[in-house]
Every structure is written in structure tokens, then in C-alpha cells.
Amino acid sequence: TMDYLSQLSLPGAVLLWAAVVFPVCALWGYAQVLRVDEESRTFARRAYFFFALSVVLTAVVLAIALVRRDFRIEYVFQYSGLDLPSHYQFAAFWAGQKGSFLIWLLWGALIGLGVMRTSGKAEAPVMGIYTLTVMGLLFILVRENPFVMLSETPLDGQGLNPLLQNPWMVIHPPVVFLGYAAFTIPFAYAISALWRKEYDGWIKPALPWAVFSFMSLGAGIIIGGYWSYKVLGWGGYWGWDPVENASLLPWLAGTALLHSALVMEKRDALKVW
């Protein structure tokens, strides 16, 4: 255990581990609410708030490590360097897989606060499912910890890929991951409706979130397309990166969701869809 701990930057790692405890507590609280224990709602909300706070602080620790160029941390060494401008140094946050999952988790944790305040009577089942989904990202990060340290501190980092040193790198990935995170909300509403067999009331509260996630991910796709065609010359948006290509799939699913949701709300049809 001590050998494992010695390989981690503890401020970030401890916050990440703390983030595992609080959503479990929130799930327990919402489970009690579903058992008609209304007093547990406050406990569940506070637990989720501390979960979101832990994720925010985890992201802040990684951002500070990048800005300070703390090359003791492997992730900082891999994606930053002494000669990297400050805005690209910060954008190195989401240059790798671990940082990408962390920005995704950060958006998800923060958006959950809005869901908690707006879901009304459906709060307990919706937040329960939403929290479980976000915990999937959290467990990935606990396994692939972004705060692993090198055995020796290098004098400089490997730097950011030159093709990524573009202003769109600062904007594009956060927008895409915001869209990914927001799509979790209509998912939580839909699964909650299926679970409780209440098929009519979920569309109205879920629809604004579906529009928001659809527009966010759509904006990310447009930015990525412009970046690829006009700036990088990588042969076109659909020809270079399967990760970017994959963003089209949930966006198309979101298109189908919006159409069927509007028809269901206006004409009381397409409930199965």
C-alpha cells in the first residue's frame, strides 16, 4: 500500500478517492427517499454537492499542476513542456485520455446540480440513475489515475502535439464533452420513466436538457469540422479521427430523440420510440 501511495500525487488522488464516497452516500439517501423517507432528501443532496465539490477540486489540482509545469506527474510530463504557451499548457488538461475523462466527469458533476434543483417530484429516481451513470466515469478515473508520478523528475515535458497547438484546442474538446455529459440527463429521465412505468410525464422536464445537449454536441461537431478543414488540413473532419467521428452517433440519436419527443408532447404519439 505504501509503495502504491508513493507513486501518486496525494492531493489530487485523495480528492478523487473522496469523490467515490459521496455519490455512494447520495445513492443511499435517494434510495431512502424512494422508500418514503423524505428526511433523507437533504442528506442525498448534500452528499451529491460534496461529490461535485470533490470533482471540481480534483480538476483544479490537475490544472494547477499543468500551469506550474509539475513534471513529477506523468500526465503533466506527457502533454506539456517549458516552451508551451500558457493557454496551450492549460489545454493540455484534455489532451490525453485521463484528462478527457476528468473534464467529462467535471461537466457531469456540475450539470447534476442543475438536475437536482429542477427535477421536482422525479428527483430521487432521476438523480439516482444520473449519479450511477456519472460514477462510471469516476471509476474509470480511479483505475486510470491522472495523478501517477514518475520515479524521477524530468527537466522538461514531452510537450503538446504540434497539430494540437491551435486556438480551437482550447475550445473544441470542452464543448464536445459538455454535450456528452448533458445527454446523460434525458437518458436518466427516460430510464426513470421505464423503471416506474410512468411514460407520459418525463418528456416535458427532459426536453430542455435534450435540446441543450443536442446544441452543445452539435456546436462541438461544427467547431471540429472547421478546425479540420480550414486549419489543420488533416483531410477533412470525417477522415482523421474515429473519436471525433464517434461524436456524430449520439448527436444523430439526439436528433431522433428530439423529433419523437416533440411528437409525443404535441400529439401523444411515438411513446415506444
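Predicted model: local features only at pLDDT ≥ 70, side-chain atom pairs only at ≥ 80, totals over all residues.
Residues are numbered from 1 along each chain as its sequence is written, and side-chain values use heavy atoms, with hydrogens and water left out.

**Overview. The protein comes to 12 helices and 0 strands.** Helices (H or I, at least four residues) and strands (E, at least two) are DSSP runs, numbered from the N terminus. Buried residues make up 48% of the 273 residues, where buried means under 20% relative accessible area, exposed over 50%, and partly exposed in between (1.4 Å probe, protein chains only).

**View 1. Serine 40 is found in helix α3.** Serine 40 counts as buried because its relative accessibility is 7%. Its side chain makes a polar contact of 2.9 Å with the side chain of aspartate 37; such a contact is a pair of N or O atoms within 3.5 Å, in which, within protein, one must be able to donate a hydrogen and the other to accept it, and residues adjacent in sequence count only if both atoms are side-chain atoms.

**View 2. Phenylalanine 50 has its place in helix α3, residues 40–67.** Phenylalanine 50 counts as partly exposed, because its relative accessibility is 39%.

**View 3. Helix α8 covers residues 167–182.** Its 16 residues reach 24 Å from the first C-alpha to the last, close to the 22 Å expected at 1.5 Å a residue, the expected span being 1.5 Å times one less than the number of residues. Asparagine 166 caps the N-terminal end of α8, with a side-chain oxygen 2.9 Å from the backbone nitrogen of tryptophan 168.

**View 4. Helix α9 covers residues 184–196.** The end C-alpha atoms of its 13 residues are 18 Å apart, which agrees with the 18 Å that they should span at 1.5 Å a residue. Buried residues of α9 include Thr184, Ile185, Tyr189 and Ser192. The helix is followed by lysine 197, whose phi is positive, near 60 degrees.
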